[in-house]
Amino acid sequence: MEVSSNQQLLLSVVDLADRIDRRAAAALSNIKGISLAEYRILRALADTPDAQASRVALAEAVGLTASGVTRALAPLEKIGYVETVRDARDARKALASLTPAGDELVRDASGVLNDFTQHLIFTERQESDMLDLLSYLAGVARL
């Protein structure tokens, strides 16, 4: 059976994403001791107002389930990068909150990823075109 060009594009994008994920995860793990998935959650948390968010909101931001986010946050909370706080308006709601140590970790890990991407030498135009293409694909994929 013949492989369509759309299927080949899909497989190429997935392959590239897997390779980038493994290499970026290794860089973060070796230097900062966190996974790429943990970094993505911490980064999403850092980007929220007051560096606080519900697990559901974090799950939406990083494409995981709320229980997946809860499992990922547990060790980060244990070592002091995240803490759980009660919502001021609704005591039944628990929010994940980035601690000062967590904020420092996010900044340091961002530097590691910036260094990691330095070998990807693209012109500004190429970067812009790739971001446009990936945004388009994410929008039409309806996944």
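**Burial, packing and loops**

Guide: To begin, buried residues make up 27% of the 143 residues in the protein, and it should be kept in mind that the model is predicted.

Visitor: In what order do the elements of the protein run from the N terminus on?
Guide: The secondary structure comes to 6 helices and 3 strands. The C-alpha atoms of these and the remaining residues fill a box of roughly 55 × 30 × 30 Å along the principal axes. Read from the N terminus, the order of the elements is α-α-β-α-α-β-β-α-α.

Visitor: Of the contacts in the protein with a separation of 6 or more, what percentage joins residues 24 or more positions apart?
Guide: A contact here means heavy atoms within 4.5 Å. Among the contacts with a separation of 6 or more, the share that belongs to residues 24 or more positions apart is 47%.

Visitor: How are α1 and α5 oriented to each other, roughly parallel or oblique?
Guide: Helix α1, which covers residues 5-32, and helix α5, which covers residues 100-117, pack with their axes 10 Å apart and at an angle of about 130°. An angle over 145 degrees would count as roughly antiparallel and one from 65 to 115 as roughly perpendicular, so the relation of α1 to α5 is oblique.

Visitor: How many nonpolar residues are in the contact of α1 with α5?
Guide: In this right-handed crossing of α1 and α5, α1 contributes Ile 20, Arg 23, Ala 24, Ala 27, Leu 28, Ile 31 and Lys 32, while α5 contributes Leu 105, Asp 108, Ala 109, Val 112, Leu 113 and Phe 116. By class, the residues of the contact include 3 charged and no polar ones, and the number of nonpolar residues is 10.

Visitor: How do α3 and α4 lie to each other, roughly parallel or roughly perpendicular?
Guide: The residues that meet are Arg 55, Val 56, Leu 58, Ala 59 and Val 62 in α3 and Ala 66, Val 69, Thr 70, Leu 73 and Glu 77 in α4, and by class this contact has 7 nonpolar, 1 polar and 2 charged residues. The two axes come within 8 Å and cross at roughly 105°. Angles of 65 to 115 degrees share one class, and α3 and α4 are therefore roughly perpendicular.

Visitor: Is Ser 110 buried or exposed, and which residues is it in contact with beyond its neighbours within four places?
Guide: Ser 110 is found in helix α5. Its relative accessibility is 14%, and the limit for burial is under 20%, so Ser 110 counts as buried. Leaving aside neighbours within four places in sequence, Ser 110 is in contact with Tyr 39 and Arg 43.

Visitor: Which of the terms buried or exposed applies to Asp 50, and which to Ala 51?
Guide: Both Asp 50 and Ala 51 lie in the loop between α2 and β1. Phi is positive in each although neither is a glycine, near 65° for Asp 50 and about 50° for Ala 51. At 69% relative accessibility Asp 50 is exposed, whereas Ala 51, with a relative accessible area of 17%, is buried.

Visitor: Which residues does Gly 102 touch, not counting residues up to four places away in sequence?
Guide: Gly 102 is found in helix α5 and is buried, with a relative accessible area of 0%. Apart from residues up to four places away in sequence, Gly 102 touches Gly 80 and Tyr 81.

Notes
Residues are numbered from 1 along each chain as its sequence is written. This is a predicted model: local features need pLDDT of at least 70, side-chain atom pairs count only at pLDDT 80 or more; totals for chains, interfaces and linings use all residues. Side-chain values use heavy atoms; hydrogens and water are left out. Axes are lines fitted to C-alpha atoms, for helices over the stretch in contact, and angles run from 0 to 180 degrees between N-to-C directions. Helices (H or I, at least four residues) and strands (E, at least two) are DSSP runs, numbered from the N terminus. Angles under 35 degrees count as roughly parallel, over 145 as roughly antiparallel, 65 to 115 as roughly perpendicular and the rest as oblique. A crossing is left-handed if the near helix is turned anticlockwise from the far one by less than a right angle, and right-handed if clockwise. Ala, Val, Leu, Ile, Met, Phe, Trp, Tyr, Cys and Pro count as nonpolar, Asp, Glu, Lys and Arg as charged, and the others, Gly among them, as polar. Buried means under 20% relative accessible area, exposed over 50%, partly exposed in between (1.4 Å probe, protein chains only).
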